[in-house]
Amino acid sequence: MHPWFQGAALPRVLAHRGLVAPADAADGVVENSFAAVAAAHAAGARYVESDCHLTADGVVVLFHDADLARVTGDPRKVADVTARELEQLMSERGGLITLAQALDAFPTVRFNLDVKAADAATAVGAEVAAHGDRVLVTSFSDARRRAALLAAQAAGRGIRPATSAGSGTVARVLAAVSSRSDRLIARALAGVDALQVPERQGRLRLVTPRFIAAAHRHGVEVHVWTVNEPDHMRRLVAMGVDGIVTDRTDIALKTLA
């Protein structure tokens, strides 16, 4: 078992982009800010899920969207602004947090990092190389995910990060589960530590008892996003899900204690 998974009881609660409680949101705090990560940590979160983009001057920042419009009202792309410009934009929104700052300021937190841009993959891998025991790297793109893992391995400064499957790998796992071929399931899950998926994708139900059982037979965990209702959390955990990705870490930790 990779160290990212060790020493913590199931189910895992992953703070989705940190924690922004209603009162903090009213004060202007936004997701993936320093304040949001600090709030998740203060609430007791051992795992924080976040996203990585690269600024114009090559700084990896925790930010979900490719552009700044939804979060800051600025129409520019993250890749077109410097870290200092983004810091100014985020100054009244909970504060910018870079990947380096996150790893340094929260040494006990285990990070689940989604590589959102191809140009960020190598930089993310190099940045987390010395922290591989407490980092899980993922991406919807298996190519970006693998590029980050290769960069971490090339840096050679410790344990490789854990990883969860991209959408292409998830599709292959679903096909293998449908075929009931354990050989195909094993092949699809090779090199993967977790499957992080929504319960449904459109009309297709991804998370089923058979899907969970197949992953568990091969030592792979199943984490479901994004789950904010206590009854929904309880139902998924009763089904056998290993982790809940949630906007309301405070509620989840109480519900699943």
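**Close-ups of a predicted model**

**View 1. Arginine 146 sits in helix H7, which spans residues 142–155.** Like everything in these views, it comes from a predicted model, not an experiment. Is arginine 146 buried, exposed or partly exposed? With a relative accessible area of 41%, arginine 146 is partly exposed. Skip the residues up to four places away in sequence, and you'll find arginine 146 touching Thr169 and Arg172. Leucine 96 is 50 residues away from arginine 146 along the chain, and the C-alpha atoms of the two are separated by 27 Å.

**View 2. Helices H8 and H10 pack against each other at an angle of about 105 degrees.** H8 covers residues 167–179 and H10 covers residues 209–217, and their axes are 10 Å apart. Angles of 65 to 115 degrees count as roughly perpendicular, so that's the word for H8 and H10. Which residues meet here? From H8 come Val173, Leu174, Val177 and Ser178, and from H10 come Arg210, Phe211 and Ala214. Sorted by class, this contact has five nonpolar residues, one polar and one charged.

**View 3. Helix H4, residues 83–90, has a buried side and an exposed one.** Look for Ala83, Leu86, Leu89 and Met90: these residues of H4 are buried. They cover an arc of only 120 degrees around the axis, which means that they're on the same side of H4. Here's the general idea: an α-helix has 3.6 residues a turn, so residues three or four places apart point the same way. What do the buried residues of H4 pack against? Their partners are strand S3 (60–62) and helix H3 (69–72). Now go around to the other side of H4, where Arg84 and Gln88 are exposed.

View 4. Is glutamate 199 buried or exposed? Its relative accessible area is 9%, so glutamate 199 is buried. Which side chain makes a polar contact of 2.8 Å with the side chain of glutamate 199? That's arginine 235. Leaving aside neighbours within four places in sequence, glutamate 199 has a list of contacts that includes Leu204, Arg205, Val224, Trp225, His232 and Met239.

**View 5. Two peptide bonds in this model are cis: leucine 10 to proline 11, and tryptophan 225 to threonine 226.** Most peptide bonds are trans, so these spots deserve a look. For the bond from leucine 10 to proline 11, omega is near -5 degrees. Proline 11 belongs to the segment before strand S1 (12–16). For the bond joining tryptophan 225 and threonine 226, omega is about -20 degrees. Where is threonine 226? You'll find it in the loop between strand S10 (221–225) and helix H11 (230–239).

View 6. Most residues other than glycine have a negative phi. Arginine 17 is in the loop between S1 and helix H1 (22–26), and it's buried, with a relative accessible area of 14%. Asparagine 32 is in the loop between H1 and helix H2 (34–43). Is asparagine 32 buried or exposed? It's buried, with a relative accessible area of 1%.

Definitions and conventions: Residues are numbered from 1 along each chain as its sequence is written. This is a predicted model: local features need pLDDT of at least 70, side-chain atom pairs count only at pLDDT 80 or more; totals for chains, interfaces and linings use all residues. Side-chain values use heavy atoms; hydrogens and water are left out. Axes are lines fitted to C-alpha atoms, for helices over the stretch in contact, and angles run from 0 to 180 degrees between N-to-C directions. Helices (H or I, at least four residues) and strands (E, at least two) are DSSP runs, numbered from the N terminus. Angles under 35 degrees count as roughly parallel, over 145 as roughly antiparallel, 65 to 115 as roughly perpendicular and the rest as oblique. Contact means heavy atoms within 4.5 Å. Ala, Val, Leu, Ile, Met, Phe, Trp, Tyr, Cys and Pro count as nonpolar, Asp, Glu, Lys and Arg as charged, and the others, Gly among them, as polar. Buried means under 20% relative accessible area, exposed over 50%, partly exposed in between (1.4 Å probe, protein chains only). A polar contact is a pair of N or O atoms within 3.5 Å; within protein, one must be able to donate a hydrogen and the other to accept it, and residues adjacent in sequence count only if both atoms are side-chain atoms. The arc is that of the directions from the helix axis to the C-beta atoms.
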